[in-house]
Amino acid sequence: MSEAPNQSSLLLDMKNISIEGFSDERWHPIINNVDLTLHRGEVLGLIGESGAGKSTLGKAAMGYTQPGCRFTGGDVLFDGLELSRMNVRDLRSIWGTRISYVAQSAAASFNPAHRLLDQTIRASKRLGERSEQVLKNDAIDLFRRLNLPEPETIGNRYPHQVSGGQLQRVMTAMAMSPRPDLIIFDEPTTALDVTTQVEVLSSIRDLVAQFNTAAIYITHDLAVVAQMADRIKVLRFGEEVEQAETRTMLSAPEEDYTKSLWSVRSLEKPEQAGDDVLLSIANIDAAYGSSKVLHDVSINLPRGRTVAVVGESGSGKSTTARVITGLLPQLSGSVTFEGEQLPPKLRDRSKDQLRRIQMIYQMADTAMNPRQTVGDIIGRPLEFYLGLRGRDQERRVIELLEMIELDASFYDRLPDELSGGQKQRICIARALAAEPDIIICDEVTSALDQIVQEGILNLLQRLQDEFGIAYLFITHDIATVRAISDEIVVMWQGKVVEQGMKNEILSPPHPDYSELLLSSVPEMDPDWLDTLLAQRAAEGSKTIKAQD
Amino acid sequence: MTETQNQAAPSALNETAAVRLRRSRFERIRILLSRAPLTAWFGMIVVSLYAIAAVFAPLLAPYGEAEIFAKADDIWSSKHWLGTDQIGRDVLTRLVYGARNTVGIALGTTTLSFLIGGGLGLIAAIDRGWIDQIFSRGIDVLMAIPSLIFALMLLAIFDSSIIGLILIIGVLDATRVFRLTRSVSLNIVVMDYVEAARLRGENMGWIMTREILPNILPPLIAEFGLRFIFVFLTIAALSFLGMGVQPPTADWGSMVRENAKWITYVPYFPFPDAMYYALKPLLPAGCIALLTIAVNFIVDWFLHETSGLRDV
């Protein structure tokens with residue numbers, strides 16, 4: 001902390017916190033002797049990779065541990081109350097009213113059967129200090145402050161009737177309704193599109209400042225935390241790496257680990273033009289049932305190059321991939337692979353055509369059968385396409401494992417025994433096993449920590465250099481695009497907005513939509529959000545409400 | 001869990017992951033059993049006793065299944081521990097053979113219904129098109145008719161041989177298995193790994209047995225235990241109505257029916273004999289009840305272990 005702490009304003013004081021989790025018949029340490037202090041009105045950013053214990057520590061600030069976890073040491077002093085030793089009944093009188101929690105997935109945190117307004121005021125109603133009508137008016141006021149559309153009536157809707165970004169803001173209103181002293185935000189914008197994220201971030205920040213609420217902001221996105229926090233604490237393996245005031249932390253991190261986190265986003269690849277078109281889709285129209293989702297989409301993918309398809313959710317990126325793979329036959333237009341038209345339907349394609357176009361998914365968790373071992377998963381395409389069995393198959397699997405920087409010890413593991421990055425590597429190995437010409441990568445890095453993302457991107461690049469595989473790289477993250485692509489296709493509402501070489505697309509002038517998308521990507525500058533909001537306010541016309 | 005912690009440059013090998021200890025199957029079962037609650041142990045012991053009785057019936061039973069002795073409706077004696085029935089067959093022998101017949105038929109029927117219902121359910125879930133519609137609506141029609149009445153009707157039309165009984169109840173019961181399999185499979189079918197298998201060009205058989213089946217096995221196994229009990233009760237009910245297992249084959253349901261009349265005479269017998277006549281219909285009924293409870297205990301435990309709801 002840079003300034004001398006004012007003892008009277010100290011709200012939360014956690015000392016020597018240690019927490020253990022139970023798995024595999026034993027207790028394992030999750031958090032080791034971590035201290036955390038928070039003053040009234042202060043925002044603390046908690047960052048680290050997944051598994052670093054940041055969510056566990058955040059929840060511990062409420063005196064709460066998840067089932068299967070326990071406090072083994074330390075005190076949680078919240079405004080003079082000792083939370084870690086209180087019983088659940090007493091804690092309940094504090095949770096939701098004096099300390100509230102905003103979860104990553106708003107959609108999973110609302111009861112689908114109740115209206116938003118009723119859920120928003122539930123905790124405050126329990127307090128019984130103010131009448132229901134007062135609370136409802138207050139909630140509507142909060143909706144207004146959070147820039148929600150139609151604040152008067154939006155509360156009468158059910159959770160499924162609003163968008164993800166709106167729901168996340170309603171959840172913030174819900175947390176704010178009882179005017180808590182402390183709010184814990186657990187990755188509240190991770191699941192949102194960048195354009196929506198800007199909205200949510202600025203709303204949260206304004207509201208926290210207006211009510212002088214203290215907040216713990218948990219995230220793995222450094223650029224986001226730079227906008228939100230007064231102070232940043234870096235966690236790794238359940239221990240504190242370092243802590244400093246935001247500007248100090250960004251400009252001069254002390255520890256090597258923090259520096260490595262900071263440098264990830266600077267990955268950049270020189271673009272290379274390719275003239276040998278391997279896959280070309282032309283004038284594709286496609287629809288789910290009666291709703292048309294792709295309009296006249298044309299994309300060329302040169303051999304051995306990477307084309308990034310950029311856009312927010314609902315822009316038709318993944319649908320384009322489904323058309324290429326044959327999962328969704330197009331209404332009109334053609335998919336040409338090496339000068340030959342591919343049959344629109346999956347079942348009409350030959351085994352060799354299937355082999356040459358492989359796919360990697362966003363969620364490696366759901367892309368691997370949890371009941372199959374790594375050996376089975378990578379071995380199957382070897383057997384299916386190339387007829388490798390027994391010893392030969394096993395040898396090849398181990399070769400592939402080494403190619404993705406893992407080793408033979410992973411052969412017998414099940415998917416849930418792998419970390420997120422390792423899982424994605426196994427999926428890459430499975431695609432690689434088929435010896436494809438093209439790999440379609442659908443948001444393959446967006447569910448991973450930044451430092452792991454860097455590893456995956458480097459791996460993909462190395463494989464491209466070695467085997468000349470072409471990538472169709474679907475993503476919404478501009479940093480990823482910079483790191484891997486040669487060419488860029490920007491999509492919006494099922495149409496191609498812009499298409500060209502990377503540097504050409506990333507340098508101004510941009511069409512309106514590309515401009516909005518590119519400017520919404522958070523940067524590691526604590527003033528970025530302020531500058532952006534000021535700029536947008538000045539330009540006036542480019543409000544982002546249209547997107548939401 | 002081995003936690004690999006390395007402060008050096010980040011590398012994929014060193015990423016933290018929860019790797020379970022490699023244990024032999026024997027060791028895993030030992031750990032599982034050591035945590036089993038008393039009720040589960042009770043269930044397992046009872047079921048094993050029934051299994052032993054069913055397998056070794058000819059060795060355990062004192063007499064032949066349909067062997068007739070001179071004195072009918074005899075009360076318990078050192079020769080006939082549980083007396084004889086209305087035409088002079090040894091009741092203990094009939095009970096032991098009943099385990100073999102009743103449980104055997106129930107097992108066969110449940111297996112059949114799972115093969116039919118499970119297979120069709122998987123196909124319907126993978127297809128999600130008109131095949132699914134045909135199967136599902138057909139099953140709805142079958143389920144709309146009360147199954148016991150339907151079974152009685154079919155048994156009257158065809159005959160009540162053991163094979164006929166197994167086929168009819170198996171098909172009728174498959175409707176419920178179909179619905180369960182279809183609904184749990186639908187959650188798995190949408191997974192990316194099933195899509196990955198389809199993109200690879202795998203056929204229906206592979207997707208059904210390798211990608212989906214292993215992931216829906218826990219609810220299916222639990223359902224198998226419960227279905228088994230229901231089939232068991234259905235057969236007992238049919239036998240009680242005279243349409244189930246036909247004499248001279250020993251069966252608990254028929255034994256309850258044959259001995260039910262004795263309950264009404266109990267007050268007219270002197271004390272020790274009265275006990276015997278009260279027990280006569282209760283013994284086969286108790287065999288059914290005991291197995292029902294035991295299987296349910298095991299299923300409860302299994303569900304608890306696989307659902308992830310267990311508290312630490």
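**Note on the predicted model: sheet, cores and helix packing**

1. In chain A, 4 strands make an open sheet, ordered β2-β1-β4-β5, with antiparallel pairing. Strands here are DSSP E runs of at least two residues, helices are H or I runs of at least four, and both are numbered from the N terminus. Two strands pair if DSSP finds at least two bridges between them.

2. This is a predicted model: local features need pLDDT of at least 70, side-chain atom pairs count only at pLDDT 80 or more, and totals for chains, interfaces and linings use all residues. Residues are numbered from 1 along each chain as its sequence is written, while chains are lettered from A and ligands numbered from 1 in the order in which they are written.

3. Strand β1 (residues 10-23) of chain A runs antiparallel to β4 (residues 69-78) of chain A, and 8 bridges join them. Asp13(A) stands opposite Leu77(A) of β4(A).

4. The largest nonpolar core has 142 residues; Ile438(A) and Leu472(A) touch the most other members. Helix α4 (residues 91-127) of chain B supplies the largest share of this core, 14 residues. A separate second core holds 77 residues, including Ala61(A) and Ile183(A). A core is a set of buried Ala, Val, Leu, Ile, Met, Phe, Trp, Tyr and Cys residues joined through C-beta atoms within 7 Å. Buried means that 20 or more other C-beta atoms lie within 10 Å of the residue's own, with C-beta atoms placed from the backbone.

5. Which residues does Leu472(A) contact, leaving aside neighbours within four places in sequence? They are Leu301(A), Val307(A), Val309(A), Ala321(A), Ile438(A) and Ile440(A). Contact means C-beta atoms, placed from the backbone, within 7 Å.

6. In chain B, helices α9 (residues 204-240) and α10 (residues 252-259) pack at about 40 degrees, axes 7 Å apart. That makes α9(B) oblique to α10(B). Axes are lines fitted to C-alpha atoms over the stretch in contact; angles run from 0 to 180 degrees between N-to-C directions. Residues meeting here include Phe240(B) of α9(B) and Trp252(B) of α10(B).

7. Helix α7 (residues 162-189) of chain B packs against α9(B) at about 160 degrees, axes 10 Å apart. α7(B) is therefore roughly antiparallel to α9(B). The cut-offs are under 35 degrees for roughly parallel, over 145 for roughly antiparallel, 65 to 115 for roughly perpendicular, and oblique for the rest. Among the contact residues are Val177(B) and Leu180(B) of α7(B), and Ile216(B) and Leu220(B) of α9(B).

Conventions: A residue is buried if 20 or more other C-beta atoms lie within 10 Å of its own, exposed if 12 or fewer, and partly exposed in between; C-beta atoms are placed from the backbone. Two residues are in contact if their C-beta atoms, placed from the backbone, lie within 7 Å.
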